[in-house]
Amino acid sequence: MPLRDTLARVDADLAAGRVPVARQRLRGLVSSFPDDLTLRRRLAEVYRLYGEPAEAGRWMYLEQDRDAAETAAFEARYDTAPKRMRVLAWRGPESLAGTAFAREQLAAVRAECSKAMGRPVDWDAPPSAGAAEGCGGSGFRDFRTGLGCLAAVLAVITFFAIWVNGLVALFE
């Protein structure tokens with residue numbers, strides 16, 4: 001369906017109070033046209049209807065007139081550059097952005113992500129969710145995983161010790 005027709009349907013959905021349908025249509029459009037800042041702005045407006053400042057901040061992140069509270073909520077929810085790079089859903093070089101501010105924002109996020117990942121990254125291959133989650137803060141999760149493995153090993157050793165003890169008692 002052409003962009004203009006889909007936007008007309010978004011407008012009709014919003015007028016009829018079908019906000020979830022309008023949001024889904026806009027998400028699809030942003031996915032198909034990631035460099036269209038107007039679509040991102042419209043999606044942010046829909047998230048404001050939901051009372052979702054973090055998501056509104058996500059879709060307004062490339063706009064100079066963005067709301068500071070929404071930007072802060074977005075940055076708090078997606079607290080590392082790899083997470084931000086992944087969820088901004090940009091594709092292609094920063095030069096495709098329609099404004100100098102958007103190009104600067106994209107370049108800054110990509111540079112910060114490259115630094116966090118320890119290697120160059122680009123918008124056509126952002127870090128996966130696992131890699132994005134792995135940056136910053138995974139030490140405690142690794143500790144808990146190791147502690148769980150240790151507990152499992154101790155339980156198996158205890159089971160076998162009791163089993164061997166029972167076997168020995170059986171033949172005495």
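This is a predicted model: local features need pLDDT of at least 70, side-chain atom pairs count only at pLDDT 80 or more; totals for chains, interfaces and linings use all residues.

Visitor: Is phenylalanine 171 buried or exposed?

Guide: Phenylalanine 171 lies in helix H9, which covers residues 138-171. Its relative accessible area is 67%. The cut-off for the exposed class is over 50%, so phenylalanine 171 is exposed.

Visitor: Which residues form a nonpolar patch on the surface with Phe171?

Guide: The patch has about 950 Å² of accessible area together. Along with Phe171, its members are Val156, Phe159, Phe160, Trp163, Val164, Leu167, Val168 and Leu170.

Visitor: How many residues of helix H4 are buried?

Guide: Helix H4 spans residues 53-60 and is mostly covered. Its buried residues are Ala54, Glu55, Ala56, Gly57, Arg58, Trp59 and Met60, and they pack against helices H2, H3, H5 and H6. Of the eight residues in H4, the number buried is seven.

Visitor: How are H4 and H5 oriented to each other?

Guide: Residues of H4, including Ala54 and Arg58, meet a set in H5 that includes Phe74 and Arg77. The two axes come within 7 Å and cross at roughly 100 degrees. Angles of 65 to 115 degrees count as roughly perpendicular, so that is the term for H4 and H5: roughly perpendicular.

Visitor: And what is the orientation of H3 to H4?

Guide: Here the axes are 8 Å apart and the packing angle is about 170 degrees. Since angles over 145 degrees count as roughly antiparallel, H3 is, relative to H4, roughly antiparallel.

Conventions. Residues are numbered from 1 along each chain as its sequence is written. Side-chain values use heavy atoms; hydrogens and water are left out. Patches are made of residues with over 30% relative accessible area and no salt bridge: like charges are joined within 9 Å, nonpolar side chains (Val, Leu, Ile, Met, Phe, Trp, Tyr) within 5 Å. Accessible areas come from the Shrake-Rupley method with a 1.4 Å probe; for residues, only the protein chains shown count as cover. A salt bridge is a side-chain nitrogen of Lys or Arg within 4 Å of a carboxyl oxygen of Asp or Glu. Helices (H or I, at least four residues) and strands (E, at least two) are DSSP runs, numbered from the N terminus. Buried means under 20% relative accessible area, exposed over 50%, partly exposed in between (1.4 Å probe, protein chains only). Contact means heavy atoms within 4.5 Å. Axes are lines fitted to C-alpha atoms, for helices over the stretch in contact, and angles run from 0 to 180 degrees between N-to-C directions. Angles under 35 degrees count as roughly parallel, over 145 as roughly antiparallel, 65 to 115 as roughly perpendicular and the rest as oblique.
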